[in-house]
Amino acid sequence: LLAANAGVFAAQVSLAGNLRFALGGSDRDQVVWNGILRWLGANDSNFTIADTRLETLVTSCFLHGSILHLGFNLLVLWQVGPFLERAIGPARYLPLYLGAGVTASAFSAIAGRMFGSSLSIGASGAVCGLIGAMLMRNSPASFQTASLGTDGPITRSLRSESPPRALVRFEPDARIADITALVNSYHATIIGARDGMFRLQF
């Protein structure tokens, strides 16, 4: 996804014929730039809805208005993407990215028809969808919970998650050394702690 977004932006600038188009600002010919964006599949509500060009809901997610616009989205994608992809798997990651992007593009197209803002581009909607999924994935509700003593086993149900994770409460008299030894014995990592609960990932 990083390469796809960067490659499409390089194509945009190449078609424009001048590097100044990559920088944004008022010194570039906006008519030419917008024409290139529309030709490559920008989400223009005048066409997306009126002409039923639904493919632009997807293609617009890979177009960007400037190198700054591209850089910000790629930075967030680079930080969030790998963790979320490992958590949910590649088979779910790409559909999630595209689904979030298409949903954001659809709302943008509808808003454009209602309020007069026609052209929208960028991976921001898709990236925000990934961030939302990451927050939900790491919410307390997404962890299985158990109350354990230092001499009690971690049940198999805690390993049914992908990746296996657990929200564990140890007995009040448990020593830090005993907790650490138990966590290490299951090759787990403490990824958070709050209100006497430890978040473990196996």
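Predicted model: local features only at pLDDT ≥ 70, side-chain atom pairs only at ≥ 80, totals over all residues.
Residues are numbered from 1 along each chain as its sequence is written, and side-chain values use heavy atoms, with hydrogens and water left out. Local features need pLDDT of at least 70 and side-chain atom pairs count only at pLDDT 80 or more, while totals for chains, interfaces and linings use all residues.

Start with helix 1, residues 2-16. Helices here are DSSP runs of H or I, at least four residues, numbered from the N terminus. The expected span is 1.5 Å times one less than the number of residues.

Which residues of helix 1 are buried? They are Asn5, Phe9, Gln12, Val13 and Ala16. They cover an arc of only 90 degrees around the axis, so they sit on the same side of helix 1; the arc is taken from the directions from the helix axis to the C-beta atoms. Buried means under 20% relative accessible area, exposed over 50%, partly exposed in between, with a 1.4 Å probe and protein chains only. Ala3 and Ser14 are exposed, on the face turned away from the buried side. Just after helix 1, glycine 17 has a positive phi of about 85 degrees.

Next, isoleucine 110, in helix 7, residues 90-115. Isoleucine 110 is partly exposed, at 45% relative accessible area.

Last, cysteine 128 in helix 8, residues 124-137. Its relative accessibility is 52%, so cysteine 128 counts as exposed. Its C-alpha atom is separated by 8.6 Å from that of glycine 101, 27 residues apart along the chain.

Definitions and conventions:
Helix = DSSP H or I, 4+ residues; strand = E, 2+ residues; numbered from the N terminus.
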